[in-house]
Amino acid sequence: MRAESRGAEIVATVAGKPLLRGDMEDLLQQIGATIDEPAVRLLVTPNVDQILLLQDDANWRRVFANADYHIADGMPVVALGRLLGATKLNRLTGADLLPAVLKRASAAGWKVAIVGGPVSTSDLLRGSGISEASAADWL
């Protein structure tokens, strides 16, 4: 992890990718600003284990490098970034992110695909008013 000067701001980066500066609303606004573009967006929430995995796992490095959003998921990541001088760096966990994105998606008509995760994710989807689809529905 590094801190880089980008204009007047200090940004925390992991493997050269900037971590989101701001809070949940900032992230939802960023997503909303690009949602109408005809592209799939990938969001990753690196924690310490995932950052260490970048050293040994070429597939994870490729996924990480190609993600559109990099969100600090873990206080050690945020604390290190702040120690390095990064500003506006906040912890946004995947567990907090999913309900917030689903709520905004439901209100705004966004399409969201969730890959992987525990059975409890399906339970969360059922309670959110968002329809659930299996891989077979996409083929």
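Let me start with Arg104, which is partly exposed at a relative accessible area of 25%, where partly exposed is the class between buried, under 20% relative accessible area, and exposed, over 50%, taken with a 1.4 Å probe and protein chains only. This is a predicted model, in which local features need pLDDT of at least 70 and side-chain atom pairs count only at pLDDT 80 or more, while totals for chains, interfaces and linings use all residues. Residues are numbered from 1 along each chain as its sequence is written, and side-chain values use heavy atoms, with hydrogens and water left out.

What does Arg104 form a salt bridge with? The partner is Glu25, and the closest N and O atoms are 2.7 Å apart; by salt bridge I mean a side-chain nitrogen of Lys or Arg within 4 Å of a carboxyl oxygen of Asp or Glu. Arg104 lies in helix H5 (residues 94–108) and Glu25 in helix H1 (residues 24–34), so the pair ties together parts that are 79 residues apart in sequence. Helices here are DSSP runs of H or I with at least four residues, strands are runs of E with at least two, and both are numbered from the N terminus. Glu25 is itself partly exposed, with a relative accessible area of 34%.

The structure holds five salt bridges, and I would like to turn to a group of residues among them. Glu37, Arg41 and Asp68 are linked in a network of salt bridges: Arg41 reaches Glu37 with the closest N and O atoms 2.3 Å apart, and Arg41 also bridges to Asp68, where the corresponding separation is 3.9 Å. Arg41 lies in the loop between H1 and strand S4 (43–44), and Asp68 in the loop between helix H3 (58–66) and strand S5 (69–70), so this pair ties together parts that are 27 residues apart in sequence. As for accessibility, Arg41 is partly exposed at 31%, Glu37 is partly exposed at 40%, and Asp68 is partly exposed at 37%.

Next, the aromatic residues. A search of the whole structure finds one aromatic pair, and that pair is Trp60 with Phe64, edge-to-face, at 5.8 Å centre to centre and 65 degrees between the planes. The criterion is that rings of Phe, Tyr and Trp (its six-membered ring) pair if their centres lie within 6.5 Å, with planes under 30 degrees apart counted as stacked, over 60 as edge-to-face and the rest as tilted. Trp60 and Phe64 are four residues apart in helix H3, and are thus separated by about one helical turn. Trp60 is buried at a relative accessible area of 16%, and Phe64 is buried at 1%.

Thr45 sits in the loop between S4 and helix H2 (48–53), and at 18% relative accessibility Thr45 counts as buried. Leaving aside neighbours within four places in sequence, Thr45 is in contact, meaning heavy atoms within 4.5 Å, with residues including Ile71, Asp73 and Leu97.

Strand S1 (residues 2–6) and strand S2 (residues 9–14) pair in the antiparallel sense over five bridges, pairing being called if DSSP finds at least two bridges between two strands. Ser5 has Ile10 in S2 as its bridge partner, and S1 and S2 form a hairpin with two residues between them, in whose turn Gly7 has a positive phi of about 70 degrees. S2 in turn runs antiparallel to strand S3 (residues 17–18), joined by two bridges, with Thr13 opposite Pro18. This second hairpin also has two residues between its strands, and Ala15 in the turn has a positive phi of about 50 degrees.
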